[in-house]
Amino acid sequence: MGEILTSAQMRAKERTAMDSGFVSGRTLMERAGAGVVEAALGAMGGSEIRNKHAVVLCGPGNNGGDGFVIARLLSELGWQVEVFFYGKAETLSDDARHMHDLWAGIGAISALTPEAAAKGSRPTLLFDAMFGIGISRPIPLECAQAFEAVTERPAMDADERVFVVAVDCPSGFDVDSGRILLPVTPDQADGAIFDRSLVEENIRNALLTRTDLCVTFHAPKVGHCLTEVGRVRPAVVDIGLPEEGHPDLGTKAVPPTGVTLSAWLQRVAGVGTGGHKYQRGHVLVLGGGCGKGGAGRLAARAALRVGAGLVTLAVPPEAIAENAAQLNAIMLSALDGPAALEDMLADSRLGSICMGPGLGVGAGTRELVLTALRMTAQDGRRVVLDADALSSFASDPQVLFDAMHQGVVITPHEGEFARLFPDLSERSRQADPSKPSLSKVAATAQAASRLGATILLKGEATVLADPDGNSAIHSALYDRSVPWLGTAGAGDVLAGLIAGLSAHQRARACAPIDLAAAAAWLHVECARSFGPGLSAEDLPEELPKVFRKLGV
């Protein structure tokens, strides 16, 4: 899978490369600036641009150094370039100071203030090189106001809009958490001058949603995959760093890079491979009682469609008739408490168990979950816990933690995660940069370590982590956005997909995090294939079309 880096990991990669003599800081800065210019001009149509006028906003760090390179390269291409600088030249790093001085020999450098930035005509391109990936505090208010002032300059054509390019990330964007670190507004400092919420909204819009192109270096950063940072997915520019990983790396992109999707799915879960039904796996799904069986049926149907050879839906005896009227290829079995579940799990051909969808919250579900975990702890069979199977332990999560094993995948949404890991959830939602916080990735990784099993934390940006320190992000943002996937029952289908992929004989050799990642990707791909108007029942039925498109 492709790397997704934190700010610290990116800096460590750069530092290691520079300390080893592999590359100099100035060379990296030149490559970064050249990559931004190439990406920006490519996005704008290159030679077709008529008004070759750019404004570059430079900050006090190496991001500002990249900005000075951008200004110089554009000037060499015949552009009119205005440069505004927030900071003092003498406090810049040696590399950034060198780029500052090179530009100073070519063009003027103005102080970055709202008043100065407001003067002149509206440019075609605005480069935000004020604050990059290392920021850990809110940016100065005048920087946000200066950015806004440039975008509001008068234009020859009233409909003409400046094209905004963020260098590495929009200023104030925390690339570890995906949050915007909003500047201190006047009403905080001097009393209630005006509505702060309106100011914050304007700043957020200016720095984040007005970005037309974000160009980052070497690899995406975690925050790029958690929050949309503009109108298009960030472009990644190769600046010539070594490809080998850093010891602290662990977060990967889903799907992986460098392999075909069909090969990836075959490798991790045997999708598209032959074999008799028991080689393809037998899934046991536990369903709810009378009138509550829809969730279990959705999970069972998903497990069957994704490739399981057999699927059995186990429900209370009184719910057999209801389910028999709606199922054909899915087998039914009566489940009358933990003893009956023990008898079912005695069949070693059962490859995976899915528990939670529609099962009900309470002591009965707790006993079933603990029974399943106990009987699968030693034999390598996989267990997927979702919904009610998690909520039933909200009052005493440690009971669930103590029963866990590494073959388990839990699939909480944010609320269920908060009930199981209240401290980690609170820290991941901490908006005050002055207080210690965790990114969604870090919170999920710590939770997986505490749990001793794999976690798939659902959301537009689904985060996965396992107790071995591996983590991954499946990001349904930008061109993969599927807001219509937010529909009742979609999570039940996802749980069934994981169980279905986990049942195949090949799955025994695969890490649960890889199986869960494949399921998350297929889940979104089915929603994208179907389109708006989706209901949960449509998701499993879209799988054959997705598989055919992949050539599976």
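Modeller: Start with a definition: two strands pair if DSSP finds at least two bridges between them. Strands (E, at least two residues) and helices (H or I, at least four) are DSSP runs, numbered from the N terminus. This is a predicted model, in which local features need pLDDT of at least 70, side-chain atom pairs count only at pLDDT 80 or more, and totals for chains, interfaces and linings use all residues. Residues are numbered from 1 along each chain as its sequence is written, and side-chain values use heavy atoms, with hydrogens and water left out.

Now the sheet. It is open and has ten strands, in the order β8-β17-β16-β15-β14-β13-β12-β9-β10-β11, with mixed pairing. β8 (251–254) and β11 (331–334) stand at the edges; each has a single partner strand, so one side of each is left without a neighbour in the sheet. From one strand to the next, the twist averages 20°. Angles run from 0 to 180 degrees between N-to-C directions, and axes are lines fitted to C-alpha atoms, for helices over the stretch in contact.

Look next at β12 (residues 350–355). Six of its six residues are buried, so β12 is largely enclosed by the rest of the structure. Buried means under 20% relative accessible area, exposed means over 50%, and partly exposed lies in between (1.4 Å probe, protein chains only). β12 pairs with β9 in the parallel sense over four bridges. There, L284 has I353 of β12 as its bridge partner. β12 also runs parallel to β13, joined by four bridges. S352 has R382 of β13 as its bridge partner.

Further along, β14 (residues 408–410) and β15 (residues 454–457) run parallel, joined by two bridges. V409 has T454 in β15 as its bridge partner.

Helices lie across these strands. Contact here means heavy atoms within 4.5 Å. Helix α20 (residues 440–451) lies across β8, β14, β15, β16 (461–465) and β17 (471–475), at about 35° to β16. Helix α22 (residues 512–530) lies across β8, β13 (382–385), β14, β15, β16 and β17, and runs at about 5° to β17.

α22 leads on to the core. A nonpolar core is a set of buried Ala, Val, Leu, Ile, Met, Phe, Trp, Tyr and Cys residues joined through side-chain atoms within 4.5 Å. The largest one has 59 residues, and V311 and L522 have the most contacts inside it. Elements that each supply at least two residues include β9 (282–286), β10 (310–315) and α22. α22 gives the most, with twelve residues. L522 touches L265, V306, L501, L543, V546 and F547, not counting residues up to four places away in sequence. A second, separate core of 53 residues includes V83, M99, F127 and A166.

Last, the aromatic rings. Rings of Phe, Tyr and Trp (its six-membered ring) pair if their centres lie within 6.5 Å; planes under 30 degrees apart count as stacked, over 60 as edge-to-face and the rest as tilted. The structure holds five such pairs. F401 and F421 have ring centres 5.2 Å apart and planes at 10°, so this pair is stacked. F401 sits in helix α17 (residues 397–403), and F421 in the loop between α18 (414–420) and α19 (422–428), 20 residues apart. F417 and F421 have centres 5.0 Å apart and planes at 40°, so that pair is tilted. F401, F417 and F421 form one aromatic cluster.
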